[in-house]
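Please open the structure in your viewer and keep the selection tool at hand.

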Amino acid sequence: MTQRVFVDANVLYSKTLMDWLFLLKRENESMFQLHATEDVFAEVASNMRKKHPRLPGHVVRRRVELMRQSVDEVLITFPGDLSFTGTDEHDYHIHAAATACQADLLLTNNDPNDITTSEDTHYEIICPDDFFVLVTTSAVPKMLHPIISCQIKYWAKKPQRMQLDEALRNAGCPDFADIVLHTLQNMSRMHQI
């Protein structure tokens, strides 16, 4: 059964996490769907602008276009009057949107208590590292091979690049980084890179 995953802005703000999320989705089309809101896209754009005030406009626009193209549903609205047990009122919109789209999973880097302290939500809160490991271990063998090849080609063109596993560790995904490194080593031994 296809899992419905609501994605928080803090996942999409990280280029590393966003790229891996979208590539994993592409290679596992029927495994999960991605859902977001205009609020999420606006938060990503705002945070990009805050961190890089001189970033050219086309870079922010391109990120928003990519997010919009890669998610399965952009919720038009969500309720403003749901019960909220989270500790961070600014995360109410995440809870409300995940509820409105009937998400199975809420993908976020937030502390789960920020969003809800209740056991009665129909969604499970999951961090990117756990989600990427779950997708990888649930997928067909060698599913990561085309993604890794794609990432290597992309990053080879960049003057200041990191190793794939290092970038994942820096993005808070140590367990998934270990899987990627192990897969890279196997691909190298089999001369598939």
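Which residues have the most contacts inside the largest nonpolar core? In this predicted model, that core has 54 residues, and those with the most contacts inside it are Leu12, Trp20, Leu21 and Phe131. Helix H2 gives the most to this core, with seven residues. As a general background, nonpolar side chains in soluble globular proteins tend to be buried together.

Now select the strands. Five of them form an open sheet with parallel pairing, and their order across the sheet is E3-E2-E1-E4-E5. Strand E3 (73–75) and strand E5 (124–126) stand at the edges with a single partner strand each, so one side of each is left without a neighbour in the sheet. Neighbouring strands of this sheet are turned against each other by 30° on average, direction ignored.

Next, pick out strand E1 (residues 3–7) and strand E2 (residues 32–37), which pair in the parallel sense over four bridges; if you click on Phe6, you will find its bridge partner in E2, His35. Helix H2 (residues 15–27) packs on the sheet, where it touches E1, E2 and strand E4 (105–107), and its direction makes about 140° with that of E2. Helix H3 (residues 38–51) also packs on the sheet, touching E1, E2 and E3, but its direction makes about 75° with that of E2.

Stay with helix H2 and select Thr16, which has its place there. Is Thr16 buried or exposed? Its relative accessibility is 18%, and buried means under 20%, so Thr16 counts as buried. Leaving out residues up to four places away in sequence, Thr16 touches Ala167, Leu168 and Ala171.

Move on to helix H7 (residues 128–138), in which Pro128, Asp129, Phe131, Phe132, Val135 and Thr136 are buried. These residues cover an arc of only 165° around the axis, which puts them on the same side of H7.

Finally, look at the aromatic rings, among which the count comes to six pairs. Phe32 and Phe131 form an edge-to-face pair, 5.1 Å centre to centre with 80° between the planes, and this pair links distant parts of the chain, since Phe32 is in strand E2 and Phe131 in helix H7, 99 residues apart. Phe32 is buried at 2% relative accessibility, and Phe131 is buried with a relative accessible area of 2%. To end the tour, select Trp20, Phe32, Phe131, Phe132 and Phe176 together, which form one aromatic cluster.

How values were computed
Residues are numbered from 1 along each chain as its sequence is written. This is a predicted model: local features need pLDDT of at least 70, side-chain atom pairs count only at pLDDT 80 or more; totals for chains, interfaces and linings use all residues. Side-chain values use heavy atoms; hydrogens and water are left out. Two strands pair if DSSP finds at least two bridges between them. Helices (H or I, at least four residues) and strands (E, at least two) are DSSP runs, numbered from the N terminus. Axes are lines fitted to C-alpha atoms, for helices over the stretch in contact, and angles run from 0 to 180 degrees between N-to-C directions. Contact means heavy atoms within 4.5 Å. Buried means under 20% relative accessible area, exposed over 50%, partly exposed in between (1.4 Å probe, protein chains only). A nonpolar core is a set of buried Ala, Val, Leu, Ile, Met, Phe, Trp, Tyr and Cys residues joined through side-chain atoms within 4.5 Å. The arc is that of the directions from the helix axis to the C-beta atoms. Rings of Phe, Tyr and Trp (its six-membered ring) pair if their centres lie within 6.5 Å; planes under 30 degrees apart count as stacked, over 60 as edge-to-face and the rest as tilted.
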